[in-house]
Number of protein chains: 4
Amino acid sequence: MTRIAVLGATGYAGAELVRILSGHPEVELTVLTSRQHAGARFDSVYPSLSGHLDLVCEDYSPDRVSNAADIIFTALPHKIPMEIVPELIRRNKKVIDLSADFRFKEAATYEAFYQPHSAKELLKTAVYGLSELYSKQIQNAKLVGNPGCYPTSVILPLAPLLKKGWIDHQSIVADSKSGVSGAGRSLSLTSHFCEVSESFKAYKVGDHRHNPEMEEVLSIEARKSVNVTFVPHLVPMSRGMLTTIYATPAQNLTLKEIRDFMVSSYANCHFVRICPEDSVPNTLFVRGTNYCDIGFKLDHRRSRLVIISAIDNLVKGAAGQAVQNMNLMLGIDERTGLDTVPFPL
Amino acid sequence: MTRIAVLGATGYAGAELVRILSGHPEVELTVLTSRQHAGARFDSVYPSLSGHLDLVCEDYSPDRVSNAADIIFTALPHKIPMEIVPELIRRNKKVIDLSADFRFKEAATYEAFYQPHSAKELLKTAVYGLSELYSKQIQNAKLVGNPGCYPTSVILPLAPLLKKGWIDHQSIVADSKSGVSGAGRSLSLTSHFCEVSESFKAYKVGDHRHNPEMEEVLSIEARKSVNVTFVPHLVPMSRGMLTTIYATPAQNLTLKEIRDFMVSSYANCHFVRICPEDSVPNTLFVRGTNYCDIGFKLDHRRSRLVIISAIDNLVKGAAGQAVQNMNLMLGIDERTGLDTVPFPL
Amino acid sequence: MTRIAVLGATGYAGAELVRILSGHPEVELTVLTSRQHAGARFDSVYPSLSGHLDLVCEDYSPDRVSNAADIIFTALPHKIPMEIVPELIRRNKKVIDLSADFRFKEAATYEAFYQPHSAKELLKTAVYGLSELYSKQIQNAKLVGNPGCYPTSVILPLAPLLKKGWIDHQSIVADSKSGVSGAGRSLSLTSHFCEVSESFKAYKVGDHRHNPEMEEVLSIEARKSVNVTFVPHLVPMSRGMLTTIYATPAQNLTLKEIRDFMVSSYANCHFVRICPEDSVPNTLFVRGTNYCDIGFKLDHRRSRLVIISAIDNLVKGAAGQAVQNMNLMLGIDERTGLDTVPFPL
Amino acid sequence: MTRIAVLGATGYAGAELVRILSGHPEVELTVLTSRQHAGARFDSVYPSLSGHLDLVCEDYSPDRVSNAADIIFTALPHKIPMEIVPELIRRNKKVIDLSADFRFKEAATYEAFYQPHSAKELLKTAVYGLSELYSKQIQNAKLVGNPGCYPTSVILPLAPLLKKGWIDHQSIVADSKSGVSGAGRSLSLTSHFCEVSESFKAYKVGDHRHNPEMEEVLSIEARKSVNVTFVPHLVPMSRGMLTTIYATPAQNLTLKEIRDFMVSSYANCHFVRICPEDSVPNTLFVRGTNYCDIGFKLDHRRSRLVIISAIDNLVKGAAGQAVQNMNLMLGIDERTGLDTVPFPL
């Protein structure tokens, strides 16, 4: 059994990792760290898991983690991973980092939107963990920068079409809507129940740090500089992310051509489901799952393609994709531990 | 006191009319009709209003309504108004219709998206009831076609800019999000609690009947044919509508120029609030009110203007605007009966 | 115009006071204090009120408040009012305190459940502000201890029956359910959206500080020591409180006798609505209003009376009742400023 | 592989059965029936399950079902099962019925609350499927009457205490709160989103048909006639049921004695979790699981025991318990197919 540590286990992404990994048949959770809950049983923080694991949360120690674990998930706020991951890599551990610290190829881009980067040398070998696009590289990675939730929901539907040259790369608008869990477990008025209920709003308009992330990856795929006008919104629900993408086709295309191409592009990708033609994605249909559902509509009269994607921001948008990447690194079926039957409601 | 009838009083738009009108100081509610609840006290259908009115719902009768009311609100499903309104107009009644039957200038457009129109002659004199744009015409109208909720949320932020020529009229995308009350009180799986909770989805993509409505009005304002790619979405909340509009400026403009222009365009319009520069609209801030809040953001790098509007779909999007139009027709302050202090949450 | 100060104006109860008072025709808001938001316009904290008041939040100063206001509402955390109210009373101001500091007749009870009381002398003259029960005393009060939300929802339905001797005073169970706004605007995991959504739970079982408050008042009304087993629960909604009370009738009674007696007990109380026999209270029906709806059911076979009450915890449970008390103190109709027509949904 | 049919597969309980059974390692789903959706793929009705099963919904035919299935789950409205189950039993099929038709020992009780019973002879051999109490009988049952959700939430916490004689059998009040999925997928105003959101209400006060069900079972366990004052309430959430029980201890007992006794009573029952002393049940902690969490509190001063239970009404309250019963009938571990790790939120 591969031994696993989750650092930052009591945040929402961390807890979701714990959920998935404690039901994963090929690995064993050995260390959970939590600054805030060190000393407490994990299931006293999340009583739903009572009966499913006995672990007690610990403070972080590189020795303890390195001795007890083979693969380490870091579900920590930006900046902390770049401080602790280099040592773990030196000790020959494999790391899957859920922060933004190892997602960028260009340190300058990271530094423009986050802060000075103290482990730039690792950016060269870190692999961007969008499982469907980079499975080969992930299989051999020592360090995976797990994608942000918004970029996942934008890149999966767009990358094949941009690579194919079927989309005007300057025409893209991505209007995203996220459930509140995306803001994490840290207290803030933005996640305060009475401020969220009956509230729908945009935030960080044209300013969100996931914007350069999706643009860097899409530009690589398109082999030209792709701009995305990106506006995230907050939905009064816990989990789920829906992105509506508007783009101008670069040539005359039928809906069938587009859909067929996407079906074949993701033919071997279990977790991408292309919706039937008469159906559209719905966050409820992917809740608690690692799926990314994608649907299409062509607005002929206005020459605009509408692409809609739905994911669970905590699963395919964070913990689920991280485990999918771990499976790739372990050389096992990417579905292992992630194939629970979804809830009908 | 002007005497008022509300036809279709027990639907959500009708009930909202009853709420506003029973608190209105210058009018008196005299007749409420409801096919489903004829014979029942209105406050047995909506117990919240107990103590605020004594009226009993009736079946519709043109004689009864004409004798007892001076102004008639029709909050009925499409098609019924065009059957009953002509007679009311003949009897010299004033009518404010909340359906789509009298919104279009072009009968052909109506017929392409709805059904054959049986009262086309009235379309010539009917006034489109977007209070801020057509207040003069509304003052003298006998028949007002009250705007749809989506068109209200799209036209108010765009009309001045299109008229001014500041927006590329082929560049417009409107991504709208509506609370569930927009689907009305009629039972349907779309409004079934467990199908809505934790669900976010688009519907009628590129197909919604409010699309030609907004295009007809915007084209008139712009004096050229305006296309809008319009995608409505359903939000798990009761009330509220937020529309995020993406458009390419037709010339170099600063955010300040745009905002200043909009502030002056709506200077005399109490119910349009232009947000402070550091703030964005939120459906919670307009809940239960007749306001339309509008905010702006310029995405320089991608040459795209983002405009966000928020309304309460049942108030400014339906019943509130209808009462605002009635006030204009009565020659009284447009705020009368609509200036309740909003709830902080 | 009577001049009004609200201390603690940016908490939820404070903001609700601001909402009601800024629409009140007989008073003028002159001072709002807020430790956290001193210096900011109130409508920048609560943008929904933009256009309805211009006030800027201030730090608390006894001079400023005393000079600018005649009646002072204190919507502050427990313990602060007992420190600042004595001085305001000395300066001949009238005070309506929404904390627990002046609710108890017995200082010892307060001290057992809260902390040492530093203004005990004021407890003798402070009036418990349950408007319907103590309107005479409130009219002449200098200091009103405004009731807790739970006690309001328990005392109004029980007091007349206990006073009449129709209920076994040792048989009472009160199972209460409150919306999340009851926990206020202070950040806490209990009000964090993802912890509340799809969550229903009891809290402070048999331990809540509103328990002695309701027992003290009910004992006074019953003229014997009344015990209440009280369990509050948290409902995933913003506003509203429903209390289901179980009690054994002290004698053979029909449902009609009980209902008729309650109707006559509250005949002159506008804000108590006794439900029709075939109907039960619903928090949605009192949302945003000052009503307390009460319904009854007799479980013959098990000799148990079920009484259900519904209020809006922020209105009749806090700010609305406080304004109702102010109206009584001003000698004006208790409905003034509180008679907005309720929303149907 | 045991072959399974689910009749009424597209209702909420049916769909939940499909979810659990299609992930169950020891059985194979072979037939799904649905009157409303006959001819449609199951995953077109519930797209979340796309990729997890290929079955098409069928009309009911006794031949088809008998030929293709060994065990049959009937998730149908009351009255239909008593019409079709006798024939299935005659054909030597095993049946687990989720309606009320086979829950009662006394036909007269059923007939007093439902309708005339047309298959009374089966009531003698039908086993009440409360897995924890009747596992032995269930193992050998041909026909299981699967318990109602409310009875499950009331009986599990009370049965051991009543059997032990520790509770005054005439003192019991059960105040239950259920998520909206309990009302099923059939359209009704009670489940209409805008009528549920921000609404909390009681319904069928003292009148609910689950009341005689819980009383019959508790009376058998207590060996005396047990009365329960039972009031169900509706919570604005999809899944979850919390019951707060109030009862008078029959003798002096400490909280520790009660808790220890309950821990030992359910020592071998995986799906009953007795909460730690400092913790209370929460519907969020059992969401999507087959657990029943139970907590206790003793109100010494008022001599009243408060017991709180939480279940997911669709799982332990319906489909999950049905599968647990199937596992018992198959002689396999009761957890099979039901041990998915719960979600932290």
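Residues are numbered from 1 along each chain as written, and chains are lettered from A in the order written. In this predicted model, local features need pLDDT of at least 70, side-chain atom pairs count only at pLDDT 80 or more, and totals for chains, interfaces and linings use all residues, while side-chain values use heavy atoms, without hydrogens and water.

**Exercise 1.** Describe the interface of chain B and chain A by its residues, buried area and salt bridges.

*Solution.* 
1. Contact (heavy atoms within 4.5 Å) involves 45 residues from chain B and 45 residues from chain A.
2. The buried area (accessible area, 1.4 Å probe, that two parts lose on being put together, summed over both) is about 3700 Å², with 55% from carbon and sulfur atoms. On the chain B side, B:Glu198, B:Phe200 and B:Arg302 lose the most area to chain A, together 19% of what that side buries.
3. Chains B and A share 6 salt bridges (a side-chain nitrogen of Lys or Arg within 4 Å of a carboxyl oxygen of Asp or Glu). B:Asp175 forms a salt bridge with A:Lys177, with the closest N and O atoms 3.2 Å apart.

**Exercise 2.** State the volume of the largest cavity and identify the residues closest to its centre.

*Solution.* 
1. A cavity is a set of points on a 1 Å grid over the protein atoms alone where a 1.4 Å probe fits but cannot get out; lining residues have an atom within 4 Å of a point.
2. The largest cavity has a volume of about 290 Å³, the volume being the space filled by probe spheres set on the points.
3. Of its 22 lining residues, A:Phe193, A:Pro236, B:Pro236, C:Pro236 and D:Pro236 are the closest to the centre.

Notes: 1 Å grid on protein atoms, 1.4 Å probe; cavity = no way out; pocket = protein on both sides within 12 Å on 5 of 7 lines; lining within 4 Å.
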